[in-house]
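Reader: Hi! Could you walk me through this one?
Author: Happy to, here it is.

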Amino acid sequence: QVQLVESGGGLVQAGGSLRLSCAASGRIFRWYAMGWFRQAPGKERAFVARINQGGGSTDYADSVKGRFTISRDNAKNTVYLQMNSLKPEDTAVYYCNADPDYSSSPGHYWGQGTQVTVSS
């Protein structure tokens, strides 16, 4: 089992920045690729970004490329999502995900989510 706890969400004006964190416990963090997904009201959960086990490979949804950066600190068992130039359409609940495979599909482990609200 892997337990994931997100933090760092909040209310920010358009153009602002937030950094989300996801702290992992349980199994060995460095064994897992990590991802961020988001779910806006009335929409399905969607991929945002992912990072491989060593941190050397990343991938982003087209809608966030150039604005969001995913990173990880394996010594701290934590993955981050730096979000800059935020837009109202980024408003969503953001979820952390752990997957033993670095793939486009999410793994089995999810956090509880953290709300991000971007005002115009």
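Author: What follows is a chat about a sheet, a core and one arginine.

Author: This is a predicted model, in which local features need pLDDT of at least 70, side-chain atom pairs count only at pLDDT 80 or more, and totals for chains, interfaces and linings use all residues. Residues are numbered from 1 along each chain as its sequence is written, and side-chain values use heavy atoms, with hydrogens and water left out.

Reader: Thanks! Which strands form the open sheet, and in what order?
Author: Four strands do, in the order 1-3-8-7, with antiparallel pairing. Strands here are DSSP runs of E with at least two residues, numbered from the N terminus, and two of them pair if DSSP finds at least two bridges between them.

Reader: And which are the edge strands?
Author: Strand 1 and strand 7, since each pairs on one side only. On average, neighbouring strands of this sheet are turned by 15 degrees against each other, direction ignored; the axes are lines fitted to C-alpha atoms, and angles run from 0 to 180 degrees between N-to-C directions.

Reader: What does strand 8 pair with?
Author: Six bridges join strand 8 to strand 3, where Cys22 stands opposite Val79. Strand 7 also pairs with strand 8 over six bridges, and Ile70 stands opposite Leu81 there.

Reader: How many residues sit between strand 7 and strand 8 in their hairpin?
Author: Four, and Asn77 in that turn has a positive phi of about 55 degrees.

Reader: Is strand 8 mostly covered or open?
Author: Mostly covered: five of its six residues are buried, meaning under 20% relative accessible area with a 1.4 Å probe, protein chains only.

Reader: New topic: how many residues are in the largest nonpolar core?
Author: It has 31 residues, and those with the most contacts inside it include Leu4, Trp36, Val79 and Leu81. Such a core is a set of buried Ala, Val, Leu, Ile, Met, Phe, Trp, Tyr and Cys residues joined through side-chain atoms within 4.5 Å. Strand 1 (2-7) and strand 8 (78-83) are among the strands that each supply at least two residues of this core.

Reader: What is Leu4 in contact with?
Author: Leaving aside neighbours within four places in sequence, its contacts (heavy atoms within 4.5 Å) include Cys22, Met34, Cys96 and Trp110.

Reader: Last one: why does Arg38 count as buried?
Author: Because its relative accessibility is 14%. Arg38 lies in strand 4, and a polar contact of 3.4 Å joins its side chain to that of Ser63. A polar contact is a pair of N or O atoms within 3.5 Å; within protein, one must be able to donate a hydrogen and the other to accept it, and residues adjacent in sequence count only if both atoms are side-chain atoms.

Note on methods:
Buried < 20%, exposed > 50% of the residue type's maximum accessible area, 1.4 Å probe, protein only.
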